[in-house]
Amino acid sequence: MATLKGIDVSRWQEAIDWPAVAASGVQFAILRAGYGKHISQKDPRFEENYTAARAAGIEVYDTPFTDVNDDEGIYTDAQYAKSLGFTGKSAISPRHVNAINEVFSPSPKDIDYAYEVMEAIRVAKEQGKGA
């Protein structure tokens, strides 16, 4: 079983040297997009941390949705996290796993498109096109 090195950050860490974090071997970060159930409760350092972590090659995951009895809320929260560009979402309850997987897993249309892109790359290479 592989072990991944990650960190959990929010506004409380203030400015983070993301290239140094990546150089230390950190592969993922759990970022807080917001506080509570309302999109308007955004972490004031979210954009800064998200952009800098991704630029440093670090995958970003959203913090868990903590209301284990709100089945609709986990879907809404996961969809919001995906819309922000998160790689995935952490969970604290097994009840949330299906919703998170449903939201973050590629659709059949996404998979078909990926195969089309890979085929176009293969054909271009055969024809000596592209870099």
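Predicted model: local features only at pLDDT ≥ 70, side-chain atom pairs only at ≥ 80, totals over all residues.
Colleague: What makes β1 and β2 paired strands?

Modeller: Pairing requires at least two bridges. Strands β1 and β2 (residues 28-31) are joined by 4 bridges and run parallel, so they meet the criterion for a pair. One of the residues involved is Val9, whose bridge partner in β2 is Leu31.

Colleague: Why is one side of β1 and of β4 left without a neighbour in the sheet?

Modeller: The open sheet has 4 strands in the order β1-β2-β3-β4, with parallel pairing. Because β1 (6-9) and β4 (88-89) stand at the edges, each has a single partner strand. Helix α2 (residues 46-55) packs on the sheet and touches β1, β2 and β3 (59-62). The direction of α2 makes about 145° with that of β3.

Colleague: How do you know that the span of α5 is close to the expected one?

Modeller: Helix α5 (residues 108-126) has 19 residues, and 27 Å is expected at 1.5 Å a residue. From the first C-alpha of α5 to the last, the helix reaches 27 Å. Just after α5, Gly128 has a positive phi of about 75°.

Colleague: What describes the packing of α3 and α4?

Modeller: Two packed helices are described by the angle and the distance between their axes. For α3 (residues 71-84) and α4 (residues 97-104), the axes come within 9 Å and cross at roughly 35°. The crossing of α3 and α4 is right-handed. Among the residues that meet are Ile74, Tyr75 and Ala78 in α3, and Ala99, Ile100 and Phe104 in α4. By class, this contact comprises 8 nonpolar, 1 polar and 2 charged residues.

Terms used:
Residues numbered from 1 in each chain as written. Heavy atoms only, no water. Helix = DSSP H or I, 4+ residues; strand = E, 2+ residues; numbered from the N terminus. Contact = heavy atoms within 4.5 Å. Axes fitted to C-alpha atoms, helices over the stretch in contact; angles between N-to-C directions. Expected span 1.5 Å × (residues − 1). Left-handed = near helix turned anticlockwise from the far one by under 90°. Nonpolar A, V, L, I, M, F, W, Y, C, P; charged D, E, K, R; others polar.
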